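Colleague: I would like to go through the wording used for this model. Please set each term against its cut-off.

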Amino acid sequence: MNEKKLFIKRDILEDLKRHLSKKEITLIVGPRQAGKTTLMMLLKDHLEKKGEKTAFLSLDFENDQKFFSSQIAFIEKLKLEFGNATGYVFIDEIQRKEDAGVFMKGLYDMSLPYKFIISGSGSVELKEKVHESLAGRKAMFEVYPVSFREFVNFKTEYKYSDRLADYFAIENTKTLNFLEEYLNFGGYPRVVTGSDLEEKKRIVAEIYGSYIEKDIAFLLKVEKLEAFGSLVKILASQTGKMINYSELSNTLGVSVATVKNYLWYLEKTFITEAVSPYFKNARKEITKSPVIYFHDLGLRNYSIGLFGMAVETDGSGFVFQNFIFNILKTNILFSGAKINYWRTKEKAEVDFILSLGDKIVPVEVKYANFKKPEINRSLKSFIEKYNPKKAFIVNKSLKDSLIIGKTEVNFVPFWEIIGKDVFR
């Protein structure tokens, strides 16, 4: 791969460029090392090429920290950089500033001639306090590890970026090989660009260690780091399965309240996401136990010693299920739709139930190469009970459909749901 292709093009970059013309603060958040600083540098370069003035400050840099001692000190620094001109101010790792939200709110309300673009790793301080303090003054952009679409575009050197759906449909074997690689290693940018297995392992170990030691130990002041690390491993081994708070409490030797606290931390630091059950009948359907998924499969695999080997295990179906969850979550962003799962007390289950108003769409996930349409009893049970207009069975290769009652059941290869609105 030639030198100019060594960075991964992120889909969110165009959205960020469009927001540069807005007065609101551009707030870029996400897990550490997901590519936030790279995006900021690309935005900075974009502006400078247009002749705009920029300044870049990072709370990771000791020399920059003194400028954040007060709003006056900060404004003096900006006047030094810009004189009387307008400019674009980039602030990286804002979560390291105490009372960052109040600090930025004050600057914004002064109506200074500057546009602020700020970023930070997923700390509770950032997600909660900064988010709340800047209500009405910012637009938040969440940056996650590289998506499968971004991954394949990078791997194919952007040759098919305007016709990727055609590539997936025609290059079946290559698409499945890319899928296996992605399921095994995940999408952290430095892992994706790592040259070999050893380098990828070293990078993911560094990311994981940095998360536990910095975000958890320092930012979140979590005691019993061993218990927290064990919880991550248990959740990784139970991906796609219901979790039981009492069982986790007994296994880890901490209270149920602490377990729930740790789960909250994991969500607020962009590591996991909980999916709640869908139910209409509390007597017959599960109503409380969540299912946990990981934002990045590489980190999930690393935590249980399966980095690079996840698709070779019995749990490959659950890794694929997690992968599909991440696609569905992206698809419904800003739509107001919800994702739940469904399970009865008789153990009938459907992986995902998408709901928007009174519309519901069940989605079953199968890491399999179907030769012909086959529907399990659980999905039939849901269809008979709720009569959805459409249902989907996402699999590795089969495209087909059949009718059950008034429901159209669509068998679709996984790549066909990327960017697809299933409510249409």
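Modeller: Contact means heavy atoms within 4.5 Å. Helices (H or I, at least four residues) and strands (E, at least two) are DSSP runs, numbered from the N terminus. This is a predicted model: local features need pLDDT of at least 70, side-chain atom pairs count only at pLDDT 80 or more, and totals for chains, interfaces and linings use all residues. Residues are numbered from 1 along each chain as its sequence is written, and side-chain values use heavy atoms, with hydrogens and water left out.

Colleague: Which residues of α12 and α14 meet?

Modeller: A227, F228, L231, V232 and L235 in α12 touch V259, Y262, L263, Y265 and L266 in α14.

Colleague: How many residues in the contact of α12 with α14 are nonpolar, polar or charged?

Modeller: The count is 10 nonpolar, no polar and no charged. Ala, Val, Leu, Ile, Met, Phe, Trp, Tyr, Cys and Pro count as nonpolar, Asp, Glu, Lys and Arg as charged, and the others, Gly among them, as polar.

Colleague: Why is α12 called roughly perpendicular to α14?

Modeller: The axes of α12 (residues 225–237) and α14 (residues 256–268) cross at roughly 75° and come within 11 Å. Axes are lines fitted to C-alpha atoms, for helices over the stretch in contact, and angles run from 0 to 180 degrees between N-to-C directions. Angles of 65 to 115 degrees count as roughly perpendicular (under 35 roughly parallel, over 145 roughly antiparallel, the rest oblique). Therefore α12 is roughly perpendicular to α14.

Colleague: What makes β8 and β12 edge strands?

Modeller: The open sheet runs β8-β9-β10-β11-β13-β12, with mixed pairing. β8 (338–343) and β12 (400–404) each pair on one side only. Two strands pair if DSSP finds at least two bridges between them.

Colleague: How many bridges join β10 to β11?

Modeller: 3 bridges join β10 (residues 359–365) to β11 (residues 390–395), and these strands run parallel.
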